[in-house]
Amino acid sequence: MTGTVAEPSGPIMRRSLHDEVVERILEGGLAPDSRVPEKLLCAQFSISRTPLREALKVLASEGLLDLLPNRGAVVARLTVRDVEEMFEVMGALEALSGELACSRMADDDIAEVRALHYQMVLYYRRRNLPDYFRINQQIHEKIMDATDNAVLRMLYSNLAKRIRRARYMANMSDQRWARAVEEHEDILALLEARDGAGLGAALRQHLRNKCDVVKAAIAGLEQQERSS
């Protein structure tokens, strides 16, 4: 029994470590081109560098870090081109998820999406952006899960963290935020109507609009760096 209990403890530790580094990158605690503080993380999690470096390799495969000779792991820099390519692919994945979900999603699951939507709108009205983003992501994941397509979910998951990081880099204006909520109103209505083609198109356009906001933010940062 002791062996059975001890075996899952390692993966849980590594998953927590992975999530910790991801959160620091996403929330701006680790800026682009900055080094990952390996010694600090090892001390924080009471682990050796071996499991840490395994986690860093996973993050590098996800495009969040670059592993450089003699520099260790550094936070990857996103360019406008990176964002264009990521959102093109994510738009296609989400469009397909909408088409499949409309034919496969149970009525109870659609009701859950509706409840999540109302909760998201409440956070919007309170101007609670972190919780708004959290519920927003749950809605998209709920639609993706309803596809019952393991390959689609895997591709989506592999790209989701990079998309999430890009979204955190952009300051959403009140006008864009209001428009995003309107787009989600349309997404919910199309899902409830089980209009697969319509939902797929709406999700793709929703991603294009997000992409435009993120590209503008990155272009602005690049301009500031050139001017400094």
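Let me start with helices α4 and α6 in this predicted model. Their axes are 8 Å apart, and the two helices pack at an angle of about 60°. Those are the two values to write down, since two packed helices are described by the angle between their axes and the distance between the axes. What does the angle make of the pair, in words? Angles under 35 degrees count as roughly parallel and 65 to 115 as roughly perpendicular; α4 and α6 are therefore oblique to each other. The crossing of α4 and α6 is left-handed.

Which residues do the touching? On the α4 side we have Leu-93, Glu-94, Ser-97, Gly-98 and Ala-101, and they meet His-140, Ile-143 and Met-144 of α6. Sorted by class, this contact of α4 with α6 has 4 nonpolar, 3 polar and 1 charged residues.

The axis of α8 comes within 9 Å of the axis of α9, which covers residues 196-227, and the two cross at roughly 165°. Parallel or antiparallel? The cut-off for roughly antiparallel is over 145 degrees, and so α8 is roughly antiparallel to α9. By class, the contact of α8 with α9 has 8 nonpolar, 4 polar and 3 charged residues. As for handedness, α8 passes α9 in a left-handed crossing.

Let me step back to the whole chain. The protein has 9 helices and 2 strands. Going along the sequence, the order is α-α-α-β-β-α-α-α-α-α-α. There are 228 residues, and 39% of them count as buried. If you take the contacts between residues at least 6 apart in sequence, 73% join residues at least 24 apart.

Next, salt bridges. How many are there? The structure holds 14 salt bridges, and I will go through a few.

One is between Asp-33 and Arg-77, where the closest N and O atoms are 2.6 Å apart. Where do these two sit? Asp-33 is in the loop between α1 and α2, while Arg-77 is in the loop between β2 and α4, so the pair ties together parts that are 44 residues apart in sequence.

Another joins Glu-192 and Arg-114, with the closest N and O atoms 2.5 Å apart. This pair links distant parts of the chain: Glu-192 is in helix α8, Arg-114 is in helix α5, and they are 78 residues apart. Glu-192 has a relative accessibility of 37% and counts as partly exposed. Arg-114, at 28%, counts as partly exposed too.

There is also a network. Salt bridges that share partners join Arg-81, Glu-84, Glu-85 and Lys-215. Glu-85 and Arg-81 both lie in helix α4, 4 residues apart, which is about one turn of the helix. Glu-85 is partly exposed, with a relative accessible area of 39%, and Arg-81 is partly exposed at 48%.

Last topic, the backbone. As background, most residues other than glycine have a negative phi. Which residues here are worth a look on that account? Arg-127 has a positive phi of about 60° and is not a glycine. Arg-127 lies in the loop between α5 and α6, and with a relative accessible area of 43% Arg-127 is partly exposed. Asp-148 also has a positive phi, near 55°. Asp-148 is found in the loop between α6 and α7. Is Asp-148 buried or exposed? With a relative accessible area of 63%, Asp-148 is exposed.

To recap the helix pairs: α4 and α6 are oblique to each other, and α8 is roughly antiparallel to α9.

Notes. Residues are numbered from 1 along each chain as its sequence is written. This is a predicted model: local features need pLDDT of at least 70, side-chain atom pairs count only at pLDDT 80 or more; totals for chains, interfaces and linings use all residues. Side-chain values use heavy atoms; hydrogens and water are left out. A salt bridge is a side-chain nitrogen of Lys or Arg within 4 Å of a carboxyl oxygen of Asp or Glu. Buried means under 20% relative accessible area, exposed over 50%, partly exposed in between (1.4 Å probe, protein chains only). Axes are lines fitted to C-alpha atoms, for helices over the stretch in contact, and angles run from 0 to 180 degrees between N-to-C directions. A crossing is left-handed if the near helix is turned anticlockwise from the far one by less than a right angle, and right-handed if clockwise. Ala, Val, Leu, Ile, Met, Phe, Trp, Tyr, Cys and Pro count as nonpolar, Asp, Glu, Lys and Arg as charged, and the others, Gly among them, as polar. Contact means heavy atoms within 4.5 Å.
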